Amino acid sequence: MELYITTYGTMLHKTADMFEIQNGNDKKKISPEKVSSIIICNGVMITSDVIKLAMDHNIDILFLDEFGNPYGRVWFPKLGSTTFIRRKLLEISVTDAGAEFVKKWVSSKVRNQASLIAKLVSKRSEVDLEKEITSIRDFGNKIGELKGCPELIGPTLMGYEGNAGKTYFKCLSQLIPDKYQFEGRSSRPAKDAFNAFLNYGYGILYGKVEKALIIAGLDPYIGFLHTDNYNKVSLVYDFIEPFRIIIEEPVFYLFSRHKVTDENIETINNGVTLNDSGKKLLVPALMEYFDEIIRVGNKNMKRIQSVQASAHAFANTLIGKREDLEN
């Protein structure tokens, strides 16, 4: 399991080869054998003995800021695979072959957006968004038709992606309670509750994608579409695109089913963010959705495991072992 610690003032320390979570007088012990990763939020204290215990069991520790953005990670200092995979990744990152991967990931994201709106509208006879759904799909098709290397197609691709996203989020806004409707995407900080939930969820997903890439032997800093700026995990931003939907759908349901209240968010300078109650609402909802069994290729697996499966398939495709999985 993944161990999430979100409550301010909580302490995580080691007791007799066990993780012990302490908040006030409440204590809970957890065996490291049951933990796959530890996610730490702001205001949580952790001892060096915990880090050593985690490393001994190959458990990575991810640190999130108040918006859910990963800002640090501790894990066993060992490559997930040979450097051959990383070299092949670097070789194709500026070629037409690299662009094919980017087109696939982004067009898959856009198809997911159209499919989710169609699914939501199918349950609401009073809402007609067929024109918007067609528009989103058209942008996905246009992305797939682009030709050239990442540098050449990048501006046009991002334009299509951005236009599809504007329509998509406008549709989502129309389908949630009036009180929480919003004006498009916003981050750093969010301007509204919906985006605050999305941003925190995306932050969790960024950490999972980075971990999946490294385990598969891929360098998260060698991107195709997102440039390799200093200290920017460019490949994470590329590879995450088809998987954003696994944050967006459960967040939508929290709002559409009236689970979210004003008590889940707090106002900050120029925006809003999740407070402890918001995190406690969101994280279990995401974990439940992540753990649902889906069909990927010819295998049944948890939804979140599809990220790792796709990362391994991508790495194997780079070195000619097998075809990449469909996202």
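**Exercise 1. Find which elements each supply at least two residues of the lining of the largest pocket.**

Step 1. Take the elements. S8, H3, helix H5 (150–174), H6, helix H7 (234–239) and strand S10 (271–274) each give at least two lining residues. Helices (H or I, at least four residues) and strands (E, at least two) are DSSP runs, numbered from the N terminus.

Step 2. On a 1 Å grid over the protein atoms alone, a pocket is an open set of points with protein on both sides within 12 Å along at least five of seven lines, while a cavity is a set of points where a 1.4 Å probe fits but cannot get out; lining residues have an atom within 4 Å of a point.

Step 3. Note the source. This is a predicted model, in which local features need pLDDT of at least 70, side-chain atom pairs count only at pLDDT 80 or more, and totals for chains, interfaces and linings use all residues. Residues are numbered from 1 along each chain as its sequence is written, and side-chain values use heavy atoms, with hydrogens and water left out.

**Exercise 2. Describe the space and lining of the largest pocket.**

Step 1. The largest pocket holds about 1000 Å³ of space. Grid points are joined across faces, edges and corners, and a volume is the space filled by probe spheres set on the points.

Step 2. Its lining has 43 residues. Nearest the centre lie Arg188, Tyr202, Tyr206, Tyr237 and Arg244.

Step 3. Sort the lining of the largest pocket by class: 18 nonpolar, 13 polar and twelve charged residues. Ala, Val, Leu, Ile, Met, Phe, Trp, Tyr, Cys and Pro count as nonpolar, Asp, Glu, Lys and Arg as charged, and the others, Gly among them, as polar.

**Exercise 3. Locate the largest cavity and name its lining.**

Step 1. The count is one cavity of 30 Å³ or more. The largest cavity has a volume of about 30 Å³.

Step 2. Lys109, Asn112, Gln113, Glu241, Pro242, Arg244, Ile245 and Glu248 line the largest cavity.

Step 3. Helix H3 (96–121) and helix H8 (245–256) are the elements that give two or more residues to this lining of the largest cavity. H3 has the largest share, three residues.

Step 4. By class, the lining of the largest cavity has two nonpolar, two polar and four charged residues.

**Exercise 4. Trace the open sheet of four strands.**

Step 1. The order is S1-S5-S7-S8, with mixed pairing. Two strands pair if DSSP finds at least two bridges between them.

Step 2. Strand S1 (2–5) and strand S8 (70–74) are the edge strands, each pairing on one side only.

Step 3. Neighbouring strands of this sheet are turned by 15° against each other on average, direction ignored. Axes are lines fitted to C-alpha atoms, for helices over the stretch in contact (heavy atoms within 4.5 Å), and angles run from 0 to 180 degrees between N-to-C directions.

Step 4. Strand S5 (residues 37–40) and strand S7 (residues 60–64) run parallel, joined by four bridges. Ile38 has Ile61 in S7 as its bridge partner.

Step 5. Helix H6 (residues 193–215) lies across S1, S5, S7 and S8, at about 35° to S8.

**Exercise 5. Work out the two hairpins, S3 with S4 and S9 with S10.**

Step 1. Strand S3 (residues 18–23) pairs with strand S4 (residues 26–30) in the antiparallel sense over five bridges. Ile21 stands opposite Lys28 in S4.

Step 2. Two residues lie between S3 and S4, and Gly24 takes a positive phi near 65°.

Step 3. Strand S9 (residues 265–268) and S10 are antiparallel, over four bridges. Thr267 has Val272 in S10 as its bridge partner.

Step 4. Two residues lie between S9 and S10; Asn270 in the turn has a positive phi of about 70°.

**Exercise 6. Why does Asp276 count as partly exposed?**

Step 1. Asp276 sits in helix H9 (residues 276–290).

Step 2. Asp276 counts as partly exposed because its relative accessibility is 27%. Buried means under 20% relative accessible area, exposed over 50%, and partly exposed in between (1.4 Å probe, protein chains only).

Step 3. Not counting residues up to four places away in sequence, Asp276 touches Thr6, Thr7 and Tyr8.
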